[in-house]
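Please look over the sequence and the model before reading on.

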Amino acid sequence: MVLRYFVVVFCVVNFEPVKRTDAQQINGDILADELNKVTDALGVSFIQEEYNKLKYNDIVTDGEAESRYIAKKIGERMEKMEEALTKLKQEMEKQYEMMTPSSTYQDCCSSRDYPHNLHFRTNVSTDMFCYSKPSYVQDTNIKYPTSDVLNTMKSNHRENKNIQFQYVALKSGLYINYPATNLIGCDTYDPRFRPYFVSSTTSTPRDVVLVLQMSASMRGDKLNEAKHAAITVLESLSVNDKIGIVVFNNKAQSPSGCYGDKLVPVTRTTKQHLKDFINAEDATEGPNYAEGLRKAFTYFRYNSSEEGFRDQIMLFVSDGDNNAGDNPLEVIRDENHRLQNRVVINTYGIGTGLNTNDRQLLENMAKQTLNNNTYGYIKVGKSVIIADVKTSYLREAMGTFYDYSSIPISLTPTFTQAYKDFFTKEFVITGCLPAAYQGSFIGVVCADILLSELVSETLYLQQGENSYVFIIDGNERALIHPLLPDPRDVNASDYDINDIYNFETAGDVPDVINSMKKGMSGNKTLVTTVTEPRGDRLLDGDLQRILNAVYYWTPIVAPGSNFSLCLVMEKNNTITVLRDVPRHGAHDFVYHRWDLTTWPALSNCRHFNRFATKATTTVKLSPEAFINPYEYQSVEETERKVQQYTDYISGDISTNPGIKASAVNSIRATAPIEGFWKTYSSRDAPYLVWRYIMTEDGVERIFPGVRLTDDYDHKLRPWYRRTVALKKMNVVSAPYEDSWGSGKVITVSRSILKKATTQGGSDKIEAVMGTDFSIYYFNQILKDKYPICANTTTHSCIVIDNSGFLVMHPFYIETTDLIDSSIHLTYKEGRISRSLIKEGIMYRQPCRDTENKKEQFTYRVKLPQNHLNGIVNSEEGYEMRPVTGSNLFLILKQRKTSQDLPCCSEKSSVPPSSLKCGDDDCTCLCYKNQDFNDCENKYTMDGISPCNPKLPTLSSVSTPEGDKNKYLSTCFPTDCPCRKTESECFRTSGCSWCTSTMSGSKVGKYYCDLKESCPSKQCVTQSCTSKCCGSECGTVSSQSNVGEIAAGVTGGTLVVVLVIIGIIVFVVYKRRRQDQDDTYLDPTHDIGKKEPSRDSEHYVYPTDYHMTNLGATTEEGQSNGYLEATLDAATNEPSSHSFQYDYPRVNT
């Protein structure tokens, strides 16, 4: 008998309409509670409690001893460099007579297939050197070193791993490079014109004035060669030298501004300005030597009172034909007598038009034949005649303007300023020694050292959060300072605005600097301003902190060193360190290098596009975890080395492979989080993509276990710095594209603090925990917790961070394009931005971009004291509330038909450093130009704090994973087809809700699928239809009575469900009449109450579709023990056969 049920239930409920009042429509505490659930599910509370159980020691820092220790380590490296240079110099001098005109060695510009070398960061052969010479140097003048020189270079490389390339530059123009590598531009590269060569030819700095004839007779090749030679001189000068330029015909001219009568330091800016001046000049009129000479001598006169002795040299270029003006020899006599005959004059006559009188005059000018020795010793210069100007002899002659015969053969090396190395792309300094044969100069021997290796203790300083080191030379130039570009940054540009007073601005700091210049030691207490990063320099800006600090300074003692080091510490500084952390288990430490170690068997899996392991966390150590960080960076890891790490940390061996004790303690202290992540966190928070904890002393632990790039250093990442700056807060990032394949994600991170001790510690950072989840999951939270956010026709819900960047905006959900940059509120919401700026809630904060001479602006968002709970702006149609305990603000915006013009029309991908500020108050993140004195290479006291340098990009060498994960199963079950709503779909990190095809057309029926099949809600597969789930995949019976019985059962079930719904509606109505809430939204849970509502269960305890529909098997058919029956799907309570863990249930 066929049963048919026809049931109609009609319920009428007369609800009292909700009255809209001025009360808030959104409550930021609701979102704050959800963020707390996320961090609880991540294990923040759990691991903080674990750290609180551990023992700590407070250590009072000894700044004087620490500064001496760092200076000693740097000095020792410089001494070893000097030893290597001395060996090479002695070998060159010994073998010079035996050098031959033929060579069996390789030309550096003949391309060879060399192997890659991690130490040199490029392809080299350590078995040989290579050579180069400029094309205009005749082979007859060249002789090549013997194999003994090569052997010395090899020996230096073996015995001193700090030094990089070694090279020999001879006065003949020959250049020798070890190890052999592929160079470019050999035909034009002349080592004699390089600053490292020129600076080795004197022990004193030089003042050089170029005097170029620009009369009509100089047109054509002569003018071009004269300009080319002048620019060569510019390039050859070192940072200690100064330069001035005069051009003349019948009148003398010099560059405008301070360049007109002042010798300027040789910087990138001044060189470019002078090059532009030279290239812009044309040849006209006739020559007047006297005019050019008088103008040239004004440079020397106006700079003669400077402290210290300097060589003063004039380089005079002419093609003759001086028929006007006063006698040049008399001008030289009168002007140089006033300067005690200090100026040397080299003259260069060019062209075939020079007659005998012209040549004689130029020679007499160099000899200064009318000068009188009673005014000072006359220094005779060189007079060079070059008839064939089509050769490069003028460039060669002027580029080597110094006198080889008078070069002092120093026994101590000279060191260059830091500069970008062509091969490593990092900053290096070069040390050189002059070499001589029978007392005569023959060339220089040089070696490079990475600045990051030379001063590694300053980069990995662990003396408290507010401690830092700076190093200066005897001319007040900073070699190292936290506000200079990071020496490891391969994308940084050369810098030369490095006067220490640009960065150290405390009132009495000149006393410290003057003492440092004199090579003295001391200490002094100063009130100073410390600049700390808030994240990314151009996006988040900096934080200035007033610090009562002690400056400890001491000289760096080494041959050729004029450096001095200063350690700045907070007064009464203490550091709080872990001690004696016990091992947690056998798998405390599984190294991330799958190519060098063995991960647990049968655990390999695919987590998005990464080869991973679900059995364990993996650990990577940054350079900070090692006693000698530079050795870790420059030596390739091997299986043996990784096994040593493992054996030492597990206690199997006692010989330390170089890991700091603090890092070993951190490895053990973070180990308990693995069990939490593998059980409760994976079960209760399947929406989390990655889970990681990274410590202050260089330990990086991640789950699922995966390999990180070899250069990864969490302390150099914006998310880490942002979290450190915002202690005790949930820090949420703007969305970005996950490079590991999980799509558009948001990062939530929180600091883990050291346990409070008698000396403090409760505000000191121990580590930072972080996790990522989909932007669509975050959007789903907003829609579920704030129903008004789901009504997109009338309202928009926007979330911004405390720098004004969008964390959630309808744009992110509507677009299918990749996110290529963070987007600021000013780019999308002009009306709200202008209102917030007008009210002073969002305001610009400047800092000085020192090297680029810009005032760079970022935004801050901060509610005033009288509106700490938020604001309502009815006129502009928005409401803004703080999200307590986080860096976020929630904005509810009424959608209006009127056009909302953004403050910025530029693309958000354009960096703020490229956008000049306009006149409006509401602008993009932008910059203004700052006044800068090029001739002093200093800023005036502008009152603007310098910006932190941009976060460095490190060189990276990692083994590619290739197809290792191609045929692996996913690490965790997703059961995407079983998730029938968008809300359910995004509660698992591996799923995505498919709504459209690649062409943009809507799919027939929205469905849930793997994220890789449907990134950004766009189906990328051939079949854009939903897959079957569980029993849906079985054969459907064709018997009609089965279907009708099923229909009858369904109808009966529907009756019961409708009756229950009616009862629930009535009860809810009665409760709300008794306890009405004045918020416009109907909050889904009460703030402060912990009873889980159905909505809260969605996020922390998602329905176990895997268990109810597929019999607790993964999509690959494998059992997933830790998810089986740990919760009863209907009650969300532990079932009778649940596994029991020692971890606390995450806060619901």
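**Disulfides in the predicted model**

Cys186 is buried, because its relative accessibility is 8% and buried means under 20%. The model is predicted, and the count of disulfides in it comes to 16. Three of these pairs are described below, with a note on one further cysteine.

Cys109 and Cys186
- Cys186 is joined to Cys109 by a disulfide with an S to S distance of 1.9 Å.
- The link of Cys109 and Cys186 is right-handed, with 90° about the S-S bond.
- Cys109 sits in the loop between strand S2 (106–107) and strand S3 (116–117), and Cys186 in the loop between strand S7 (175–178) and helix H5 (195–198), so the bond ties together parts 77 residues apart in sequence.
- Cys109 is partly exposed, at a relative accessible area of 32%.

Cys847 and Cys947
- The sulfur atoms of Cys847 and Cys947 are 1.9 Å apart and form a disulfide.
- This link of Cys847 and Cys947 is right-handed, with 95° about the S-S bond.
- Cys847 belongs to strand S37 (residues 842–849), while Cys947 is in the loop between strand S42 (927–929) and helix H26 (982–985); the pair links distant parts of the chain, 100 residues apart.
- Cys847 and Cys947 are both buried.

Cys1028 and Cys1033
- A disulfide connects Cys1028 and Cys1033, with the sulfur atoms 2.0 Å apart.
- The disulfide of Cys1028 and Cys1033 is right-handed because the torsion about its S-S bond is about 105°.
- Cys1028 is partly exposed, with a relative accessible area of 40%, and Cys1033 is partly exposed at 44%.

A further cysteine
- Cys566 counts as buried, at 0% relative accessibility.

How values were computed:
Residues numbered from 1 in each chain as written. Predicted model: local features only at pLDDT ≥ 70, side-chain atom pairs only at ≥ 80, totals over all residues. Heavy atoms only, no water. Disulfide = S-S within 2.5 Å. Helix = DSSP H or I, 4+ residues; strand = E, 2+ residues; numbered from the N terminus. Buried < 20%, exposed > 50% of the residue type's maximum accessible area, 1.4 Å probe, protein only.
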